[in-house]
Amino acid sequence: MTNATNTQKSKPMDMDKLVSLAKRRGFLFQSSEIYGGQNGFWDYGPLGVELKRNIKNAWWQDMVSAHDDLSTLSGAPAPFQMTGIDSTIILHPQVWKASGHYDLFHDFMVDCRQSKKRYRYDQIVGRYVSYNEQTVFITTESSAAAEAEIEEKALQFFKLKSKHREKITYEGGIVNLTTIAQKENIVAPHAKEAGTLTEPREFNLMFKTTVGALSGEEGTAFLRPETAQGIFINFKNVVDSSRVRVPFGIAQIGKSFRNEITPRNFTFRSREFEQMEIEFFCHPDQSADWYAFWRQRRFAWYQRLGLSQERLIMREHEADELSHYSTGTADIEYAFPFLPEGEYGELEGIAHRGDFDLRSHMEGKLDPNSNPLEVEKGEDGKPRHRGSGKDLTYRDEVTNEKFLPHVIEPSAGADRATLAFLCEAYDEDTQPDEKGKPQTRTVMRFHPRIAPIKAAIFPLVKKDGMPEIAKELYRTLKKKMNVFYDEKGAVGRRYRRQDEAGTPYCITIDGQTLTDQTVTIRDRDTLEQYRIKIDNCAAEITGKIEG
Ligand code: GAP
């Protein structure tokens with residue numbers, strides 16, 4: 001999460017209301033809820049699964065299946081090809097050694113000896129607080145409410161009533177625990193005394209499992225923490241099998257797993273999630289231009305599907321944030337409503353990875369009889385011989401040049417994108433009901449392309465042949481898109497149910513339909529109603545979704 005001061009949020013919203021709507025209307029459920037829930041795991045309900053699938057489909061269509069290999073896209077240095085793969089979740093364990101995840105993919109955690117709670121070290125924030133000549137560093141977990149929480153904790157810690165809050169003095173602003181030098185007198189987020197936190201310890205985020213009947217280290221494998229490595233290790237297979245030529249990209253959508261120490265903020269940080277990743281292979285001389293192209297292209301994608309310009313930023317990593325092999329990385333970040341004012345959460349990273357990944361997988365092979373996770377060390381103590389030992393260099397069939405391509409990696413999270421679109425869509429407005437009385441309406445303003453239900457079909461009343469006509473229209477449209485039939489209750493109530501589901505169009509069959517075969521189409525956002533011929537409904541709605 002990062003801070004930015006120059007961007008205004010256009011629409012503050014209440015996260016609790018969204019969480020409650022998500023459950024009530026079947027977007028998201030806590031996993032294993034009837035057993036008390038499983039922290040960091042989420043299930044998508046009937047509306048949620050459609051929304052997330054539409055987002056993944058839009059990504060796949062825009063990046064892969066509808067990509068025009070022959071034209072030069074605006075801002076691109078040249079035409080390029082796009083293709084896809086679907087690799088396994090469990091890969092050879094040595095993949096993770098070569099990629100660096102086995103040795104380096106960890107967070108620091110601390111335990112509180114008093115509350116027995118565990119925290120990610122960098123997610124504890126706090127402030128120096130003094131009263132009666134005693135100074136302590138009072139902490140809480142980073143959140144939008146951190147400042148208020150620290151003030152409340154300070155009152156409790158010094159055993160003061162709230163009317164005495166002005167007797168407490170504060171020094172400096174809220175800072176991350178990792179940034180303070182003095183580690184004594186820290187009051188942990190759920191502790192009553194100071195000094196109960198352990199020293200930070202490394203914690204590898206990969207989930208371990210055992211393959212086959214072997215027990216012990218020989219059978220050890222890992223659930224992938226990213227889909228990217230499945231692409232790198234198939235680079236040669238794709239080149240040899242599909243006549244692609246550099247520059248080209250390989251895309252993959254799939255589950256990834258990270259044993260996050262503190263999953264939080266709804267689905268934002270989950271332990272099981274889906275990624276949408278592209279590894280784009282290009283000539284080293286052109287990689288800077290391709291990096292610039294992909295940054296702009298991915299940013300524009302989120303805007304096109306409805307994320308507002310005021311809540312979306314592109315953040316270039318500082319030099320000290322970059323991996324040693326990367327010459328540039330930028331994050332596309334969104335002002336999620338659960339973050340403090342001015343903070344943004346990562347939706348997608350676009351990294352210039354140089355030739356690091358292909359080179360790592362190309363390095364010399366281990367002794368086949370040794371444990372793949374134990375790596376020989378060189379004289380300098382650094383690991384040697386980590387990769388497959390296979391030649392992954394690329395030979396251009398036209399120029400005959402042989403080189404190791406550079407990689408640009410746009411890596412997005414499908415669940416984070418879904419959460420951002422849910423937050424962006426949530427809105428409330430006031431509309432008159434059937435009797436003209438003002439009513440608050442909750443409306444999910446999804447872009448029609450990602451809306452779970454594209455249109456709802458209502459007979460105005462359950463008689464005069466209207467349900468029959470409505471059902472026939474429903475069956476016709478259902479073959480082309482996800483539509484919903486509803487004949488229960490007053491039509492105004494039916495509209496409101498669809499507004500909450502984010503359905504962009506409602507089609508009503510009424511008395512006039514019986515005479516002139518027209519229906520009304522009501523637009524969720526403008527509330528405009530207009531009539532068209534029933535036979536034109538499919539083309540009308542399809543045009544609106546695609547347009
Ligand atoms: N291959 C590069 C890579 O995995 P990353 O920044 O660690 O990079 C890419 O992850 C994207 O995956 C993030 O921008 C985010 O959208 C998503 N992601 C990462 N960890 C996640 C988590 N614990 N829960 C949900 N989404 C996550």
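**The ligand and its surroundings**

Analyst: In this predicted model, Arg258 has an N or O atom in its side chain 2.8 Å from an oxygen atom of the ligand.

User: How much of the ligand's accessible area does the protein cover?

Analyst: On its own the ligand has 560 Å² of accessible area, and the protein covers 88% of that.

User: And Glu346, what does its side chain sit 2.6 Å from?

Analyst: An oxygen atom of the ligand; the distance of 2.6 Å is taken to an N or O atom in the Glu346 side chain. Phe268 has a backbone N or O atom 3.2 Å from a nitrogen atom of the ligand.

User: Different topic. What pLDDT does the protein chain average?

Analyst: The average is 92, and 93% of the residues score at least 70.

User: Where does pLDDT stay under 50?

Analyst: Over residues 3–10. The model has 19 contacts beyond four places in sequence for that stretch.

User: How should coordinates be read where pLDDT is low?

Analyst: Not in detail, where the predicted coordinates come with low pLDDT.

Notes:
Residues numbered from 1 in each chain as written. Predicted model: local features only at pLDDT ≥ 70, side-chain atom pairs only at ≥ 80, totals over all residues. Heavy atoms only, no water. pLDDT = per-residue confidence, 0-100. Contact = heavy atoms within 4.5 Å. Polar contact = N/O pair within 3.5 Å; in protein donor to acceptor, adjacent residues only side chain to side chain. Areas by Shrake-Rupley, 256 points an atom, 1.4 Å probe, with all protein chains shown as cover.
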